[in-house]
Amino acid sequence: MRLLVIEDEPRLAEFVRQGLAQAGHVADGADNGATGLEMAAATPYDAILLDLMLPGQNGLEVLRNLREFGLATPVIIVSALSGTEHVIRGLDAGAVDYLRKPFAFDELLARLRAVQRKATAAADAPVLRLADLELDLVHRRVARAGQVLALTNREFALLELLLRSPNRVVTKTRIAEKVWEVDFDMGSNVIEVHLSQLRRKLDRAFPSLPPLLETVVGHGYRLHDPAAAR
Ligand code: CA
């Protein structure tokens with residue numbers, strides 16, 4: 001796996017990275033949250049090991065910022081804060097796991113295997129779902145409440161991107177990177193135009209159903225499950 005270790009204690013960071021390398025992983029390191037966020041935005045890591053007590057923004061802030069950026073990278077918190085309340089707060093903030101320091105290295109490796117199994121299972125799932133919406137990647141077919149939607153390739157790609165981060169904001173920058181070219185002109189309104197077409201087919205066409213596509217002003221867009229807790 002390709003991993004990012006965000007840890008400010010140099011000896012521990014080095015120990016973890018060496019151990020991961022010996023186990024066949026590729027591990028990069030960041031000694032503070034801001035650098036970690038930049039690296040996570042630039043590289044599609046399979047998982048991030050995140051310390052909580054960091055200089056500058058703490059681990060929970062880093063985790064929240066990751067999700068604000070629309071990054072769904074699985075995060076395992078690795079912290080000396082061992083109280084149940086810290087574990088609960090970390091998991092509720094969106095971490096997939098919480099490992100208390102000091103830890104046995106084999107346990108860290110086992111938890112990484114669990115993250116990998118989950119990712120493999122998700123990648124194999126040919127149908128993405130949210131509420132009454134289904135996107136079938138194999139047959140490239142989208143349906144809401146059982147009714148097939150006629151989407152262009154671009155609208156399909158947009159919807160797939162949003163569906164892969166359900167209930168999370170996906171920024172315009174990320175949409176530009178994933179659905180358009182890298183040299184996309186951020187000044188143009190082409191994303192807004194496509195999203196408004198998508199909204200027409202996805203939501204306006206179903207006036208009796210709750211809307212799924214949300215604009216989060218100043219941040220980006222989000223597909224949300226009306227039944228999910230906000
Ligand atoms: Ca620390």
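Student: Which residue in β12 stands opposite V216?
Tutor: In this predicted model, V216 faces G220 of β12.

Student: How many bridges do β11 and β12 share?
Tutor: Four bridges hold β11 and β12 together as an antiparallel pair.

Student: And the turn of that hairpin, which residue there has a positive phi?
Tutor: G218 does, with phi near 85 degrees. Three residues sit between the two strands of this hairpin.

Student: What sheet do those strands belong to, and in what order?
Tutor: They are part of an open sheet of three strands, ordered β10-β12-β11, with antiparallel pairing. In general, strands of a sheet pair through backbone hydrogen bonds, either parallel or antiparallel.

Student: Which strands are at the edges?
Tutor: β10 and β11 (213–216) are the edge strands, and each pairs on one side only.

Student: How many bridges on the β10 side of β12?
Tutor: Two bridges join β10 to β12, again antiparallel. T171 has G220 of β12 as its bridge partner. G220 is also the residue that V216 stands opposite.

Student: OK, other sheet. What's the strand order in the four-stranded one?
Tutor: The order is β6-β7-β8-β9, in an open sheet with antiparallel pairing. β6 (127–130) and β9 (147–149) each have a single partner strand, so one side of each lacks a neighbour in the sheet. On average, neighbouring strands here are turned by 25 degrees against each other, direction ignored.

Student: How do β6 and β7 pair?
Tutor: β6 pairs with β7 (residues 133–136) in the antiparallel sense, over four bridges. Within that pairing, L128 has L135 of β7 as its bridge partner.

Student: What lies across this sheet, and at what angle?
Tutor: Helix α6 (residues 153–163) lies across β6, β7 and β8 (141–144). The helix runs at about 115 degrees to β7.

Student: Which element gives the most to the largest nonpolar core?
Tutor: The core itself has 28 residues, and L159, I175, L195 and L223 have the most contacts inside it. At least two residues each come from β6, β7, α6, α7 (172–179), α8 (190–204) and β12 (220–223). The biggest contribution, six residues, is from α6.

Student: Changing topic. What are the protein donors of the calcium ion?
Tutor: D8 (OD), D51 (OD) and M53 (O) are the protein donors, lying 2.1 to 2.3 Å from the calcium ion. The spacing of these residues in sequence is D-x42-D-x1-M. D8 is in the loop between β1 (2–6) and α1 (10–22), while D51 is in the loop between β3 (47–50) and α3 (59–68). The two are 43 residues apart, and the pair links distant parts of the chain.

Student: Are those two aspartates buried or exposed?
Tutor: D51 is buried, because its relative accessibility is 4%, and buried means under 20%. D8 is partly exposed, with a relative accessible area of 31%.

Student: What does D51 contact?
Tutor: Leaving aside neighbours within four places in sequence, D51 is in contact with I6, E7, D8, G59, V78, S79 and K101. D8 in that list is also a calcium donor.

Student: What does UniProt place at D51?
Tutor: The unreviewed UniProt entry gives the feature "modified residue: 4-aspartylphosphate" at D51.

Student: Last one. How far is A41 from D51 in space?
Tutor: C-alpha to C-alpha, A41 and D51 are 18 Å apart, with 10 residues separating them in sequence. A41 is found in helix α2 (residues 33–42). A41 is partly exposed, with a relative accessible area of 44%.

Technical notes. Residues numbered from 1 in each chain as written. Predicted model: local features only at pLDDT ≥ 70, side-chain atom pairs only at ≥ 80, totals over all residues. Heavy atoms only, no water. Donors = N, O, S within 2.8 Å, 3.2 Å for Na, K, Ca; no water. Buried < 20%, exposed > 50% of the residue type's maximum accessible area, 1.4 Å probe, protein only. Pairing = 2+ DSSP bridges. Axes fitted to C-alpha atoms, helices over the stretch in contact; angles between N-to-C directions. Contact = heavy atoms within 4.5 Å. UniProt positions renumbered as here; feature names shortened; annotations may be inferred. Core = buried A, V, L, I, M, F, W, Y, C linked by side-chain atoms within 4.5 Å.
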